[in-house]
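Please load the model in a viewer, with the sequence panel open alongside.

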Amino acid sequence: GEWDGPAANLQDMVRAATGANLPIVKAGEIDDEQLRETTAIILGNVGNNRRLLYLYSHYYIFADAVYPGDDGYEVRVVHDPWATGHNALVVGASSVAGAAAGVEALGEQIGEGADLTIGPLLLTKLSADMQRRYGGYATAELGDKWMERVRATAENSIKTGAHTGLFGQIASIGLRYQLTQREDYARAFVWLLQRAKEHRDSNPTTYGGPWGFDSDFSVYKVVPQWDVVEECPALTDDERLEATKIIAEWVEQACAPKAAGTVGSTRVRHNHQTFPALGCYYTGNYFDKYYHAGEGKIWLRIADAAFTFQSTAFKGHEDCNGYQWLTLYHTMRYCL
């Protein structure tokens with residue numbers, strides 16, 4: 001009930017600008033299948049609006065009880081998340097006050113006319129706590145010198161055989177793009193993928209494989225990040241195609257084989273199976289829905305085999321606390 005105010009304000013705003021009366025629908029009055037076939041403005045956060053669960057669990061949005069926090073907001077257009085040709089416009093907020101502020105910010109993007117068209121959009125305001133943690137991503141000085149440091153870090157990682165190869169660095173920069181949509185982050189993301197592929201093709205004797213030791217640990221972050229990064233207007237179609245092919249090859253060689261042994265297995269899982277299994281889910285989902293690739297369905301089956309059995313157990317294979325919780329976290333993430 002307390003969220004009715006921001007919803008009504010948004011409805012009034014659209015009516016005043018266009019004459020159209022958008023119906024306000026409670027989350028329980030529409031299901032995901034209906035949502036996939038329309039363009040909706042979705043208000044709230046994953047803790048109070050189940051229609052945001054798919055977008056949140058696939059890293060398209062981040063609004064929950066913690067982010068953006070207090071009176072902050074996260075207003076973003078999510079591009080074709082279901083591969084149905086329909087977008088979502090999310091006014092994400094941790095509180096009613098944040099939602100009201102987000103609606104007001106969105107209102108500044110609405111012009112008058114019969115057709116209301118909003119292009120790619122990200123408007124954020126963070127609470128003090130979230131500003132301390134993530135605010136630097138939006139204010140950091142980027143450009144050529146920053147990119148030189150990215151390249152230097154990558155070369156050092158290759159030289160020293162860093163854990164996860166270049167993919168931990170890719171995931172870190174991918175998160176920065178997800179939260180800010182700054183073009184330099186997208187360019188760096190693609191360059192790092194290209195460098196990882198170039199290094200792999202040199203047939204290095206890197207411990208843990210040519211993509212990097214435990215590079216599969218980063219798949220569940222990098223693939224949904226790419227789903228967002230590829231929409232960046234600073235990228236060319238050739239870069240998008242090349243990056244997509246690199247990701248497919250990386251997962252096929254360094255990720256899926258590590259999780260495939262869970263198919264048919266009745267042993268509780270360990271984190272070196274659930275890291276790649278979660279990666280298989282996100283990659284399978286991406287390539288199945290956008291490319292109808294046969295590999296996508298195979299990777300989804302591997303993930304399902306890993307987690308369906310693990311979800312019946314109260315612990316993972318490991319007894320030590322950190323590793324044990326990794327397995328349980330991956331299982332909960334898959335259930336989401």
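Begin by selecting α1 (4-18), β1 (40-44) and β3 (88-92): each contributes at least two residues to the lining of the largest pocket. Helices (H or I, at least four residues) and strands (E, at least two) are DSSP runs, numbered from the N terminus. A pocket is an open set of points on a 1 Å grid over the protein atoms alone, where a 1.4 Å probe fits, with protein on both sides within 12 Å along at least five of seven lines; lining residues have an atom within 4 Å of a point. This is a predicted model, in which local features need pLDDT of at least 70 and side-chain atom pairs count only at pLDDT 80 or more, while totals for chains, interfaces and linings use all residues. Residues are numbered from 1 along each chain as its sequence is written, and side-chain values use heavy atoms, with hydrogens and water left out.

Keep α1 highlighted: its 6 residues are the largest share of this lining. Next select Pro-23, Ala-40, Ile-41, Ile-42 and Leu-43, which lie nearest the pocket's centre among 37 lining residues. The volume of the largest pocket is about 1100 Å³, a volume being the space filled by probe spheres set on the points, which are joined across faces, edges and corners.

Now move to the second largest pocket, which holds about 570 Å³ of space. Select Tyr-59, Phe-62, Tyr-134, Leu-175 and Lys-221, the closest to its centre of the 25 residues that line it. Then display α5 (128-139), α7 (167-180), α9 (219-229) and α14 (321-335), the elements that give two or more residues to this lining. Finish on α7, the source of the largest share, 6 residues.
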